[in-house]
Amino acid sequence: MSETPATLPSADAGAVLPRRIAHLDMDAFYASVELLRYPQLKGLPVVIGGGRRAHDEALDARFEGRLHEIPVDAFARLKDYTGRGVITTATYAARQFGVGSAMGMMKAARLCPQAILLPVDFAEVRRFSRRFKDIIVSIAPLMEDRGVDEVYIDFTEVPGGQREGGRVLARLIQKAISDATGLTCSIGVAPNKLLAKMASEFNKPHGISIVQPEDLQTVVWPLACRKINGIGPKADARLQNLGIHTIGELAAQSLPQLVQWFGLAYGQWLHGASWGRDDRPVVTHSEPVSMSRETTFERDLHAVRDRAELGAIFTDLCERLAQDLQRKGYMGRTVGIKLRYDDFKTATRDHTLDLPMADAKTLRHAAGQCLKRVPLTRRLRLLGVRVGSLVRTAEWEATAGDPLAREQLLRGPVQPAQDSDPYTPQLF
């Protein structure tokens, strides 16, 4: 008989419990959601990326209400794709060919031309994202949302959260999600976020990995430094040049030496991370630092020759971003733009307004002022718009007629409720 939250024993009152933090990662989430719609594709190499194409629309219309009957041979193939899109995710069968997230689809087509290509259905993905998170919160309320397909969960004081190091509760959550959605997930449980994130990758897909404090030297130290979330390609290349390849070799370096090589903040963090130290709490709610919208073009666009098309895209981005702000109840003062040129170099500019705003017209004008300060001689691959220095609209409106209160709001824009996260750098 399967266990339920009601049947799981609670810890003794007043007992000091060892910290147990879980990182839950949905398995190939975007692809798995699509496989629920097209079960005939299970076990096959499937790539998810880009928007819906004419072929997809025609196929779904032809088999409306009977999508499971679409012959496998009727789906679009990656080898026939032309364009600049990138892969959102791929099934594990496709990953065996070296295909992965954020890879250009043209490159992926050379690695796995036979892969089936499906578009991203963001609405359906968001719907399933909300469902699996609601299930988690009903079992373990302390959950930190880290994106559409992953969360941190504090198991420490949840009934069953200490049993077998957290494995019992992890199994319960896995089963509840699978029963309700048909989707699988992988869970790592450890003393903190850093190790839990690492552990969730140990046994994919549909795995559970438990890391105890005493496992650091035997389980974690033999791993490559890149397995630490927060050591990117550049830092890893420098570590490699220094002869440091594993986490254990990193841990063997003295703190002064790492500070000398990498600077005070990052050197201290590297030292602590290599020893498995991380005291960040699971944060159930945090305020956004900024909001942004961006798009990568199917073909490079020129500021002069494609002025009308670029202008329309720019206006659309501003309008959508303004809608995001209004829907979520925020206003912002700092407007920024991001450009990526055809040589992959990136330029950003920002401008701070006197007062916060959330309307498309003001946003478009301020972003346009930023555009005047960047070179527009090269063709463009990407265009983005950002609004920062956020304040809550309700708080701003509540201070109408109170200049001192408004001044205070402007001096202290909304900040995250958690400490700066070195593992997730701010995007744009």
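## Spaces, a buried helix and paired strands

Helix α2 puts three residues into the lining of the largest cavity, the top contribution from any element. Before going on, a word on the ground rules: this is a predicted model, in which local features need pLDDT of at least 70 and side-chain atom pairs count only at pLDDT 80 or more, while totals for chains, interfaces and linings use all residues. Residues are numbered from 1 along each chain as its sequence is written, and side-chain values use heavy atoms, with hydrogens and water left out. Helices (H or I, at least four residues) and strands (E, at least two) are DSSP runs, numbered from the N terminus.

**The cavity and the pocket**

Rolling a probe the size of a water molecule over the atoms shows where empty space is left. Here a 1 Å grid is laid over the protein atoms alone: a cavity is a set of points where a 1.4 Å probe fits but cannot get out, a pocket is an open set with protein on both sides within 12 Å along at least five of seven lines, and lining residues have an atom within 4 Å of a point. Grid points are joined across faces, edges and corners, and a volume is the space filled by probe spheres set on the points.

The structure has one cavity of 30 Å³ or more. Both α1 (29–37) and α2 (54–62) give two or more residues to its lining. Among the lining residues are Glu-34, Arg-37, Asp-56, Asp-60 and Phe-75.

The second largest pocket has 15 lining residues, and Arg-307, Phe-314, Arg-364, Leu-371 and Leu-376 lie nearest its centre. Two or more residues each come from α13 (307–328), α14 (360–371) and β12 (380–392), with α14 giving the largest share, five residues.

In the table, Ala, Val, Leu, Ile, Met, Phe, Trp, Tyr, Cys and Pro count as nonpolar, Asp, Glu, Lys and Arg as charged, and the others, Gly among them, as polar.

| Space | Volume | Lining by class |
|---|---|---|
| Largest cavity | about 70 Å³ | five nonpolar, no polar, six charged residues |
| Second largest pocket | about 340 Å³ | eight nonpolar, four polar, three charged residues |

Buried means under 20% relative accessible area, exposed over 50% and partly exposed in between (1.4 Å probe, protein chains only). In helix α12 (residues 264–274), the buried residues include Trp-269, Leu-270 and His-271. The buried residues of α12 pack against α7 (193–199), α8 (216–220), α10 (247–251) and α11 (255–262). Gly-276, with a positive phi near 70 degrees, follows α12.

Over in α13 you'll find Asp-324, which counts as buried at 7% relative accessibility. Setting aside neighbours within four places in sequence, Asp-324 is in contact (heavy atoms within 4.5 Å) with Met-291 and Arg-293.

**Strands**

Two strands pair if DSSP finds at least two bridges between them. Strand β10 (residues 330–341) has 11 of its 12 residues buried, so the rest of the structure largely encloses β10. It runs antiparallel to β12, joined by 11 bridges, with Met-331 partnered by Val-391. β10 also pairs antiparallel with β11 (residues 346–357) over eight bridges, where Leu-339 stands opposite Ala-347. Four residues separate the strands in the β10 and β11 hairpin, and Phe-344 there takes a positive phi near 70 degrees.

Elsewhere, an open three-stranded sheet has the order β3-β2-β4 with mixed pairing. β3 (89–90) and β4 (116–118) are at the edges with a single partner strand each, so one side of each lacks a neighbour in the sheet. β2 (residues 46–48) runs parallel to β4 through three bridges, and Val-46 has Ile-116 as its bridge partner.
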